[in-house]
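Reader: I am new to this structure. Please show it to me, and then I will ask about it.

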Amino acid sequence: DFVWPVRVYYEDTDAGGVVYYANYLKFMERARTEWLRALGFEQTTLAREYDVVFVVRALAVEYLQPAVFNDELEATVALATARGSVLEFAQTINRGRSTLVTGTVKVACINTRSFKPVRIPKLLVETLAMRRT
């Protein structure tokens with residue numbers, strides 16, 4: 001699993017002093033971006049050279065425990081499947097050994113002009129296949 005550190009800032013919290021629920025999705029998004037970058041792919045390069053971007057198609061999130069201001073968290077990314085135009089991820093937000101949030105996120109690879117699904121670029125698919133072996 002890929003792990004990305006996250007610090008909770010005051011701006012991430014709600015009036016109750018806990019992380020606002022939608023901000024966990026931002027933490028997960030940042031972790032997926034950094035996972036892709038760690039594989040050697042920048043989203044701006046994919047858009048410019050391959051005319052593709054990744055968009056969230058579906059997600060399911062379960063909130064188990066709250067995070068609060070100044071917590072040091074870890075957002076994890078594990079690729080579950082890569083087929084056709086879809087990548088599916090299992091993600092967690094953890095504080096130490098405690099899992100605070102779990103999520104399943106499906107992203108679709110779409111053409112930047114038509115906004116229709118297209119196959120994931122071959123180089124990315126090959127890189128993912130090499131990482132799994």
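Reader: Is Tyr20 buried, partly exposed or exposed?

Author: This is a predicted model. The relative accessible area of Tyr20 is 39%. Buried would need under 20%, and exposed over 50%. Tyr20 falls in between, so the term is partly exposed.

Reader: Which residues make a nonpolar surface patch with Tyr20?

Author: The patch has an area of about 330 Å².

Reader: What span does α1 reach from its first C-alpha to its last?

Author: α1 has 18 residues. At 1.5 Å a residue, 26 Å is expected. The model comes close to that, with a reach of 27 Å.

Reader: Which residue just after α1 takes a positive phi?

Author: The phi in question is about 100°. It is found just after α1, and the residue is Gly40.

Reader: In what pattern do the helices and strands of the chain follow one another?

Author: The chain has three helices and five strands. Read along the sequence, they give β-α-α-β-β-β-β-α.

Reader: Why is the chain called as compact as a globular protein of its length?

Author: For 133 residues, the globule rule gives 14 Å. The chain is close to that value, so it counts as compact as a globular protein of that length. Its radius of gyration is 16 Å.

Methods
Residues are numbered from 1 along each chain as its sequence is written. This is a predicted model: local features need pLDDT of at least 70, side-chain atom pairs count only at pLDDT 80 or more; totals for chains, interfaces and linings use all residues. Side-chain values use heavy atoms; hydrogens and water are left out. Patches are made of residues with over 30% relative accessible area and no salt bridge: like charges are joined within 9 Å, nonpolar side chains (Val, Leu, Ile, Met, Phe, Trp, Tyr) within 5 Å. Accessible areas come from the Shrake-Rupley method with a 1.4 Å probe; for residues, only the protein chains shown count as cover. A salt bridge is a side-chain nitrogen of Lys or Arg within 4 Å of a carboxyl oxygen of Asp or Glu. Buried means under 20% relative accessible area, exposed over 50%, partly exposed in between (1.4 Å probe, protein chains only). Helices (H or I, at least four residues) and strands (E, at least two) are DSSP runs, numbered from the N terminus. The expected span of a helix is 1.5 Å times one less than its number of residues. The radius of gyration is taken over C-alpha atoms; the globule rule is 2.2 Å times the number of residues to the power 0.38.
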